[in-house]
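Okay, thanks for coming, everyone. Let me put the structure up on the screen and then I'll talk you through a few spots in it.

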Amino acid sequence: MIIYKYGIELHRVTHDDIELIRQMRNRDDIRSKMLDQRLITPEQQEKWFQSINNSENLYFVIFHNNTKIGLVYGKNINHENKTAEGGIFIWDQSYLGTGIPAKASILMMELSFEVAGMEKIYAKVNELNSLAINYNKSLGYVEIEKGKLMILSKDSYKKRILKLKRYLI
């Protein structure tokens, strides 16, 4: 599955992507910002892929100008409760601060709320990662557990998305 919008492409993660994702996730500059900072082995990555390759988890590699720059996802999708957990990490440092990561997040929010019918998206954040906390707040998330758990409701999304979309073209 490939989704194209806002000048970016989201490609559903395939088995061919998992070693790149593991290598990028294991980099010190990325791993240090995660809740779980342990190094991931190839075997653990294989087990992870087998657990997320289903309809309850939507993981996408972010492409811009034919370059793989990061990963965005909606995971633990609960269709009954209409909730999911979202996240993103960008491994190509040259894209930080460019607005491209925000486009990927917004596209994932659109998929979650407008296509999948979610009512709430949660984000777990390392309490020391103030950049991620502020980034999520800029998207409309609010902290429900200081520095650890954030939530974006569909109502907040609807209010915030109009402002955010002005910057997407």
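I'll go through the strands, then an aromatic pair, then a helix.

Just so we're clear, this is a predicted model. Let's start with β3, residues 58-64. It's got 6 of its 7 residues buried, so the rest of the structure largely encloses it. On one side there's β2, residues 8-12, running antiparallel to β3 and joined to it by 4 bridges.

Okay, aromatics. The count here is 4 aromatic pairs. Take tyrosine 59 and tyrosine 73: the ring centres are 4.8 Å apart and the planes sit at 20°, which is under the 30 degree cut-off, so we call that pair stacked. And what is the bridge partner of tyrosine 59 in β4? It's tyrosine 73 again. Tyrosine 59 is in β3 and tyrosine 73 is in β4, so the pair ties together parts 14 residues apart in sequence. Both tyrosines are buried, and together with Trp48 they form one aromatic cluster.

Last stop, helix α4, residues 100-115. With 16 residues at 1.5 Å each it should span 22 Å, and the end C-alpha atoms are 21 Å apart, so that agrees. Of those 16 residues, 13 are buried, so to speak mostly covered. Just past α4, glycine 117 takes a positive phi of about 75°.

Methods: Residues are numbered from 1 along each chain as its sequence is written. This is a predicted model: local features need pLDDT of at least 70, side-chain atom pairs count only at pLDDT 80 or more; totals for chains, interfaces and linings use all residues. Side-chain values use heavy atoms; hydrogens and water are left out. Rings of Phe, Tyr and Trp (its six-membered ring) pair if their centres lie within 6.5 Å; planes under 30 degrees apart count as stacked, over 60 as edge-to-face and the rest as tilted. Helices (H or I, at least four residues) and strands (E, at least two) are DSSP runs, numbered from the N terminus. Buried means under 20% relative accessible area, exposed over 50%, partly exposed in between (1.4 Å probe, protein chains only). The expected span of a helix is 1.5 Å times one less than its number of residues. Two strands pair if DSSP finds at least two bridges between them.
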